[in-house]
Each structure stands twice: as structure tokens, then as C-alpha cells.
Amino acid sequence: MWFHTDAQMMSPTPPTDLVIGIDFGTTHSGVAWATGDRPESIQVISNWIDPSSANRTSHKVPTAVTYDKAHPHSLVSWGFNAIRRSYHEEHEEGPFTWFKLLLQRPENPESKENSELKTLEHLMKKFGKNVQDITVDFLRCLWDYTKKQLQFILGEDFMHRFSVRVILTIPAVWKPATIIMMKDLAKKAGLPENTDLLPEPEAAAIAVLGRAARRALLQAEDVITVCDAGGGTCDLITYEILSLNPLRVKESVTGEGGFCGSVYLDKDFEAFIRNMVGHEQYDKLKEGDKKYMMGMFELGVKPSFQYDNKENGRLIVDLRGVQDDSKKGIVNDTIKLKQHLEELKALFETACKKIEVLVENQLRCVSEDVRNKAILLVGGFGQSTYLFQHLEKKFKKTTRGKSTIILRDEEAWSAVVRGATMWGLEKNHMIESRKARYSYGIAKTPEYDPHEGGRRSSRTDSILGLHESTSIKWLLRKGDEIMDGRKVKIEEQRIVHTGLLDFGSRRFLDWFLYCDADKPPEYCTGEVQPLGYLPWEVDIKRIRWHEKRIKGDSPSETSSTKESTLPALPGMGKRYREFKYTVELKLGPAIMELGSVYRGKRAGMVEMPYLSEGGEVEFKWVRPKSSFVRRMTNSWAQIG
């Protein structure tokens with residue numbers, strides 16, 4: 001017989017998990033949620049407010065905001081409201097759209113001439129806004145609306161009754177500085193502290209891989225490439241299937257992506273229409289009418305236009321105010337695109353070719369011994385019939401019992417937000433490992449050695465500001481597997497002076513480096529770049545208590561060169577102690593934690609993002625929270 005104590009009977013029941021997935025997109029954003037007691041029931045918010053349709057249901061809402069002309073800092077509308085009202089209200093101008101692209105400006109030449117981005121930058125200057133302000137305003141509106149909807153369903157106090165966790169998806173091509181900035185912007189927008197970041201293609205894969213594998217009759221050891229073709233970016237990840245029941249996969253090829261989303265097709269289409277009707281006439285048309293035309297293209301023409309032109313339906317867009325020209329198919333404010341099929345096909349080819357190159361790069365890295373390969377299209381542009389048929393013609397084949405097939409998920413548009421919610425609920429994640437895109441390590445700077453009488457070299461690398469004799473211990477090498485929660489540990493040692501009058505903490509800095517080379521060098525070269533640095537500190541009394549003393553002359557007594565980088569300090573004497581410590585690297589889906597441990601006690605830790613293609617980095621301090629960290633941040637930020 002079991003008996004329960006009063007304390008056990010009165011102990012509160014742990015709150016149920018509530019996971020909210022947010023897909024912050026370039027053109028549209030979505031929200032989904034589920035509770036831990038019903039993880040299979042994922043709800044996608046679809047009742048967004050739209051003044052043009054009382055009963056509209058949509059899995060996503062436009063990523064758009066407008067501000068008051070008279071009071072530029074006053075937000076007027078967002079979402080569908082911003083799109084519908086911005087050209088009809090006296091005090092509004094805009095809307096502000098595509099601003100997600102400016103969080104990390106695309107480096108492709110097309111972005112410099114993009115009319116939508118130019119319009120956005122003009123509006124930002126006119127209203128005194130920057131992209132961070134606009135992002136925070138939109139995310140705040142999205143989050144407030146989400147909370148209101150959940151209050152209707154779960155009760156007004158749901159934030160207190162549930163353990164709330166938010167999963168915010170980000171493009172895989174974002175640089176580390178952008179990732180850290182995004183997390184800070186989410187916090188400013190009011191999202192909870194328990195907000196995690198997840199790459200968009202990984203989220204999409206979680207949502208659709210199981211269904212796609214069953215549909216394509218894939219087996220263990222087969223490979224599937226997830227192509228998340230969205231509005232601003234296209235991200236690809238290739239997975240090898242480890243098992244089907246339960247479904248377990250691992251990243252088999254280092255993922256990649258690019259700024260080649262469908263917004264660039266939209267831009268090309270608008271330029272095509274402008275040339276067709278004439279620049280002078282087009283520029284005189286109302287902005288609202290142009291937006292309506294682009295909406296018809298985005299929701300009607302773009303997803304349904306076909307590669308072979310055999311079954312294209314009514315390919316039309318309305319442009320109010322345009323003059324009739326029957327030769328060009330312009331009649332009664334309607335443009336018939338069937339008279340321009342070749343020109344339209346050329347526009348789609350340009351967009352699809354860029355995605356084709358990314359897919360080809362992934363498949364090229366897959367072993368020829370793989371029996372089956374599949375390409376799975378998700379994301380907004382992943383719904384495009386033309387893109388599906390283009391990739392099918394290029395890659396679909398069956399030879400010698402091996403096949404490559406193209407798949408498209410019927411819920412491609414909401415795949416990312418559903419997958420983010422699923423990832424937040426999973427206890428044992430479906431994706432067992434990812435591939436490191438760079439090598440990461442710490443600089444083992446030649447410390448003063450009392451037995452040798454000084455540093456081994458005083459020559460400094462011009463890029464890093466580190467000694468050329470600085471060796472590197474690589475904790476993670478390019479292509480290594482990254483598993484959530486995995487810790488990589490290495491033992492390091494230092495020799496420090498411990499005078500009798502030394503008190504307080506001894507402070508240290510460890511450089512964290514990265515390298516893109518397939519085989520990273522053992523010493524600092526031009527291939528190695530600093531990702532950040534780890535400040536940590538140890539109480540000098542603990543070192544004196546635990547470590548044995550070693551003897552040696554002070555640097556000032558033994559150094560024979562004027563270039564010695566370790567200057568003589570008052571009272572250094574001959575008291576030195578050698579101590580060992582552990583450097584730990586904890587791996588996560590988007591963030592790494594780098595920490596140092598001395599005799600079982602954490603001495604310092606920082607969060608850093610993984611690197612995407614190219615890029616410099618900023619990183620976030622976690623602890624220790626001391627004046628030393630602030631001082632060292634200011635002084636070391638000037639190095640290099």
C-alpha cells in the first residue's frame with residue numbers, strides 16, 4: 001500500500017505546455033499553436049481581420065504595417081488592414097512591406113535595383129523609421145492578436161495557466177549578427193523570454209517529411225531534399241532517412257540557400273507590365289490599383305501558371321485606369337496574359353533557374369549509391385505549378401532501379417509554422433543531427449612560461465591581432481554532426497602569477513574562431529577569423545588553494561627582446577601556478593553556448609549563433625554579469 005505525505009498531496013500540478021509557432025515571412029506571416037496534452041491537434045490561426053472580406057480565412061496574414069502621416073510614430077494598421085486601407089485613408093501612406101529583407105540586405109545585384117525596396121527605404125526616411133522599428137511594431141501586433149485569439153479559446157489567464165514557449169522561425173541564410181538581432185527584436189515586441197529560434201527549412205521538414213516519405217514509398221537510407229521556396233529566400237536541406245517508424249532523419253549534405261524567393265518574380269512581373277503599358281502611363285496610375293493587380297498575380301497567376309502552357313486557365317490581371325490596347329490584350333481595365341505567354345514564361349524561368357542551381361548543388365553531394373532521391377517543395381513559392389514542372393523536367397528520372405522524384409505538399413504554405421509548433425512539442429526530435437557549415441575552435445595563445453622565460457613569438461597576425469604562433473584547438477569541424485544538447489569538451493591549461501597580495505578574481509579571455517576551409521589549419525592564418533570571445537573569471541584564492549606552486553623568473557628578468565608582450569608588473573616575483581580548466585561547447589539548432597568550467601564551477605558563458613554563408617558576427621553575453629564583462633566588452637571591441 002502506498003501512502004502520500006501532505007506535502008506530496010498539496011504539491012501543485014505542473015502547468016501544461018503551450019507551444020506557439022511563428023513564421024515571420026517576407027510577404028506573409030503565420031501563427032500556429034498546440035498544447036502538450038494534445039500535441040497532435042495543431043491549430044493554425046486563420047481568422048485574420050480583413051476589411052474587404054467579413055468571412056475571410058487564410059493561414060497567413062500580410063507582413064505589412066502603415067503609419068499616420070500627421071503622427072509618423074503612430075501605427076495605424078497592420079496585416080490585411082494595412083494592405084486594403086493604405087491607399088484610401090487620408091492620413092496613411094504605404095504600406096511598409098518586404099521590410100524583412102532589410103534585416104539582412106540581399107547581396108545579389110537585383111536587390112539594388114528593386115523598386116519595392118527603394119519605395120520602402122523612401123518611406124522609412126520620410127517617416128523617420130528604421131527596419132528594426134518596423135519589425136518590432138509588426139511582431140507586436142502579430143503577438144497581441146495571437147494572445148487575443150488564444151484568450152477566446154483557452155481563457156484570459158492562459159499565460160499564467162500554461163507554460164508558454166514560442167518558436168520563431170528564421171531563414172537559414174541569415175548571418176549570425178542578424179540572428180542575434182532578431183532575438184532582441186522579438187523581446188522588444190513583447191514575445192516571452194522562452195522564445196527559441198529555428199531555421200525555416202528544418203521547421204518545414206518536420207511538418208511534411210513523414211507524409212512525403214510515405215507517399216513516395218521511401219525507405220531507410222533514401223535521401224530527401226527539402227526545398228523551402230518562400231517570398232524572400234529559398235533554403236534547402238538534404239536528409240537521409242534513418243528509420244520510418246518512428247521517423248528519424250539526419251542531415252546528410254550541408255544545407256545552403258539564397259535570396260531568390262518569389263518576391264523577385266513579383267518585381268519582374270511588375271516591370272514587365274510597366275513596359276507593356278508604357279512607363280509614363282503606368283507611373284500615373286493609382287498605387288492602390290497597381291497593388292490590386294499584383295495581388296491577382298500573386299494569388300491567381302503565380303501558383304497556377306504551367307510550364308507547358310497546355311492547361312493554363314484564365315490568365316488575367318485587372319489594372320484599373322489603363323488605356324485599352326487590343327493588340328496587347330488590354331481591354332476594359334483587364335490585361336489578358338495569354339497573349340504574352342513566352343514573355344511570362346521567361347519571367348518564371350529566371351526565378352526557377354536560381355532555385356534549380358541550389359537543388360543541383362545539393363544532389364551533386366549525395367552519393368551515387370543512394371537508391372531513391374526525392375525533392376520536396378514547401379513554402380509559398382513551393383506551391384507554384386511552374387516551379388514543380390520545371391524541376392520535374394530537370395531532375396525526375398529512373399535508371400537502374402534508382403529514381404529521383406519531385407513532391408509537393410498540399411499544405412506547403414503553412415508547413416513552416418506547423419513544423420515550428422511540432423518541434424516545440426517534441427520530446428525526442430525527428431531530426432537527429434545536422435551538418436556544421438564551418439569549423440569552430442578556440443585560440444591557444446602562447447602564454448608566458450616561466451621555464452622558457454617568455455612567449456615563443458611576438459609577431460602578430462594583421463587580421464586577427466593574434467600571434468602567428470597561436471595554435472587552435474578545433475571543437476567542431478566542418479561537416480561534423482550537430483546534435484541538440486550535445487556538449488563538446490576540451491581541457492586547457494594556463495600559468496598565472498599568484499602573488500601574496502593578489503585578491504579578488506583573475507580575469508581571462510578566450511578567442512572563439514571559425515574557418516571555412518575543408519581542412520582548418522593548426523595555427524592562425526588568413527583563413528581563420530574571430531567569431532567572438534569568452535570572458536571568464538576565477539577567484540584567485542581558489543587557485544592558490546587547489547593548485548601547486550611552480551617557480552620561475554619574471555618576464556622582466558628573462559626577456560631579452562624589446563618586443564615582449566608581457567610587461568613587467570610590480571610584485572610579480574617568482575610565484576606562479578599552473579591550473580587546468582574545461583572549455584565546453586553546447587550545441588543547439590540555431591545557437592551555441594560556449595562556456596568555461598574550473599573545478600566543476602561555471603566561470604563564464606556566452607551565446608553565439610552558427611554562421612551561415614559568409615558574415616561577421618555579434619553575440620550575446622549571458623554571464624557572468626559583472627563590471628569586468630562590461631569593461632572588457634568596451635576595450636576588446638576595439639581589437640582588429
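K302 and D266 are both buried. This comes from a predicted model rather than an experiment, so every value here is computed. Elsewhere, salt bridges with shared partners join a whole group into one network: R211, R215, D409, E410, E411 and R418.

What lets such pairs form? Side chains of opposite charge can pair when their charged atoms come close. In this model, the count comes to 32 salt bridges. One of them brings together D137 and K129, with a distance of 3.9 Å from N to O.

Another salt bridge pairs E202 with R434, at 2.7 Å from N to O. E202 belongs to helix α8 (residues 200-215) and R434 to strand β19 (residues 431-435), so this contact ties together parts of the chain that lie 232 residues apart in sequence. Both E202 and R434 are buried as well.

The largest nonpolar core has 55 residues, and the ones touching the most other members are L18, I20, I22, W48, W78 and F96. Which elements supply at least two residues each? They are the strands β1 (16-23), β2 (28-35), β5 (64-68) and β8 (162-170), along with the helices α4 (115-127), α5, α7 (176-188) and α9. Helix α5 gives the most, with 11 residues.

At the start of α5, a side-chain oxygen of N130 reaches to within 3.1 Å of the backbone nitrogen of Q132. At the other end, α5 is followed by G155, which has a positive phi near 105°.

Strand β2, one of the suppliers of the core, also holds a polar residue, S29. How accessible is S29? Its relative accessibility is 0%, so S29 counts as buried. The side chain of S29 has partners, though. It reaches the backbone nitrogen of G25 at 3.1 Å, and it makes a polar contact with the side chain of T63 at 2.8 Å.

L500, L501 and F503 make a nonpolar surface patch of about 420 Å². L501 is found in the loop between strands β23 (487-497) and β24 (505-515). With a relative accessibility of 74%, L501 counts as exposed, because the cut-off for that label is over 50%.

N245 and P246 are joined by a cis peptide bond, with omega at about 0°. P246 is in the loop between β11 (234-244) and β12 (247-258).

Two residues have a positive phi without being glycine. For N332, phi is near 50°. This residue is found in the loop between β14 (330-331) and β15 (334-336), and its relative accessible area of 62% makes N332 exposed. R599 also has a positive phi, of about 50°, and it is found in the loop between β28 (591-598) and β29 (601-609). Its relative accessible area is 48%, so R599 is partly exposed; that label covers what falls between the buried cut-off of under 20% and the exposed cut-off of over 50%.

Methods: Residues numbered from 1 in each chain as written. Predicted model: local features only at pLDDT ≥ 70, side-chain atom pairs only at ≥ 80, totals over all residues. Heavy atoms only, no water. Polar contact = N/O pair within 3.5 Å; in protein donor to acceptor, adjacent residues only side chain to side chain. Helix = DSSP H or I, 4+ residues; strand = E, 2+ residues; numbered from the N terminus. Patch = residues over 30% accessible without salt bridge, like charges linked within 9 Å, V, L, I, M, F, W, Y side chains within 5 Å. Areas by Shrake-Rupley, 256 points an atom, 1.4 Å probe, with all protein chains shown as cover. Salt bridge = Lys/Arg side-chain N within 4 Å of Asp/Glu carboxyl O. Buried < 20%, exposed > 50% of the residue type's maximum accessible area, 1.4 Å probe, protein only. Core = buried A, V, L, I, M, F, W, Y, C linked by side-chain atoms within 4.5 Å.
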